[in-house]
Amino acid sequence: MMDFYDSNLVLIQATCTGLILALSIQVPLRMGVFSFAGAGSYGIGAYLAAILVIEQEVSAFVAIGAAMLATAVIGLLLGLLIFKLNGLYLAMATVAFDLIIGVITINGGETTGGSTGLYGVITDFTMGQMFALTVIVLALVALSEVGRTGRRVDAVRDDPELALSMGISLRRYRLTAFVVSGALGGLAGAMNVLVRSAIGPLDIGFGLIVLGLTMIIVGGSRSWKGAVIGAIIFTWLPDILTAIGEWQELVYGIIVALAAVFLPRGIYGVLVDLNKWLRRRRRERRDPPPAVAAEQAGDIDPKPGDVREFALNEETVP
Amino acid sequence: MSAQPVERTSTPVLELRDLAVHFGGVRAVDGVSMKLMPGLIYGIIGPNGSGKSTLLGAITRLTRMTRGELLFDGASYAHVPPSRLARLRVARTFQMVRLLPDLNVRANIQIGADSRTTSDDRTGSRPSWFERLRGPAVSPAVVDAIRRTRLGGFESYYPSELSYGTQRRVEVARALAMDPRLLLLDEPTAGMNQSERAEISGLLRDLRDEGLTQLLVEHDVQMMMDTCDYVFAMNSGQLIAEGEPGEVVRNPAVQEAYLGRKWGRDA
């Protein structure tokens, strides 16, 4: 077990940062906000943490806290600027934000290290702390998927007009999406630089958007569990595919394309649908639908093919 | 036009003054005024495209109005954001069924009750942030709404597993779970069979007897005759008649709007 851990430490670290990066894109998508600003926040968080550690010699947790706070505030400001945009227009605006961050890091002079980036980001940040932060983030995101908040997030995404009628402020939820996305992106970037001790312009940019989006499209975009599945697959798959040499990228691309075509709700979506189907079968075996029960009792005469029509007789209501 | 059944000195629950909604050159609603007194069922009838649903959209602030005034309990709410209407306890259903596909029946109804936990101070104590985040699994209001709309047994079903008529019931239950003071129903019985319509009509009359004011948009004239206390007829965005249901249905202008000039005259 320890041998596996030691020999795959980098991949385990990359899984944690990749997962939080994926969540920084998934959380706004769950609220119907097509924002990829999490990738830009990843860059800001990484560089800010690196600068604070190198220049100010702050501890890992101060660097992470500062990175998350800064990226959350930037997320809020960005949200105030563009939250009224929708769909592709919003996506393009956030991609532009990510690209601007990339340009700033290259042209930031000594502060950002230019095209070579920043090195020697050495702190006392441990793998245990990284796990703990990842678990805390997962718990908070999981909490937002259930109960009242989960229902409201579903409403904001699936039917904004209905959400308004239910007293839900779209503005508040959309701005929250930008803030949370920023904070998560900043956390992922800061953690990454603290375990790798270096950051450069090539580590941020458009590739991060593709990586995060691929993780949640294949894993599943409606739940943190999908992000976990996607993060594990797309962190470990390239390593496994090194065995096939130059065909690696082709096979990787085919897997992504097949998943996008045949699993539109991702792997987790398939599991959810399967679970629903099994529960429905169990329920129908145990308790026939109310209308069927009424029909068997001779109370109503449902329309053909409409076996779940409403039961008219009060006696059929459990 | 006859006077409303109960001319009261009390303040109308809802009052529209010269309400207009124009989309470019199209006058979807054009100068509509009406008063809805407490504890009555009002209906709006009219042919397709007469502006009924647009009027409901304007009343719920989902559709931007061009001019006019909206008053709830005598106070203007013309500039209140639509998400704040739940605080006034205004609930509505939509012309097309709008249920959240990933939530089961219970959760779809619970989302209506959720609006009460933040927007309603009648509960006395303010819930903690965790309670607000988590919310109750099932509110008593949801249990009551399920019982009233006779959805018992369907709680764990998803919308895609329900017939259209049952989906409509879930919408009505969701609106009831908001504990409304004003209930706006846009074709609530569309897709239902005759018995179900009669049952919904009975439910609405029961709610009326409990003091709930309702505004009903419906094509089914018989349903309106059986259910409503007072009916408004619309055509081309304007009110063309109002009064007791039977009187409005017999109105030549209403018959002409529904049946055309020749058939309306002969009817």
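**Helix packing and the nonpolar core**

In this predicted model, helix α11(A) goes past α12(A) in a right-handed crossing. On the α11(A) side, the touching residues are L237(A), P238(A) and L241(A), and they meet Q248(A), V251(A) and Y252(A) of α12(A). Two packed helices are described by the angle between their axes and the distance between the axes. Here the pair, spanning residues 224-241 for α11 and 248-262 for α12 of chain A, packs at an angle of about 145°, and the axes sit 9 Å apart.

Stepping back to the whole chain, chain A is built from 14 helices and two strands. Of its 318 residues, 46% are buried. Looking at contacts in chain A between residues at least 6 apart in sequence, 74% link residues at least 24 apart.

Then there is the core. The largest nonpolar core counts 155 residues, and the ones with the most contacts inside it are A49(A), A50(A), L187(A), A190(A), M191(A) and L194(A). Helix α9 of chain A, residues 170-196, is the top contributor to this core, putting in 15 residues. Chain B takes part too: domain 1 (10-89 + 180-267) and domain 2 (99-179) of that chain each supply at least three residues to this core.

Leaving aside residues up to four places away in sequence, A49(A) touches A63(A), I64(A) and A67(A), along with A190(A), V193(A) and L194(A). Among these partners, A190(A) and L194(A) are also listed with A49(A) among the residues with the most contacts inside the core.

Methods:
Residues numbered from 1 in each chain as written. Chains lettered and ligands numbered in written order. Predicted model: local features only at pLDDT ≥ 70, side-chain atom pairs only at ≥ 80, totals over all residues. Axes fitted to C-alpha atoms, helices over the stretch in contact; angles between N-to-C directions. Helix = DSSP H or I, 4+ residues; strand = E, 2+ residues; numbered from the N terminus. Left-handed = near helix turned anticlockwise from the far one by under 90°. Contact = placed C-beta atoms within 7 Å. Core = buried A, V, L, I, M, F, W, Y, C linked by C-beta atoms within 7 Å. Buried ≥ 20, exposed ≤ 12 C-beta atoms within 10 Å, placed from the backbone. Domains from an automatic or database assignment.
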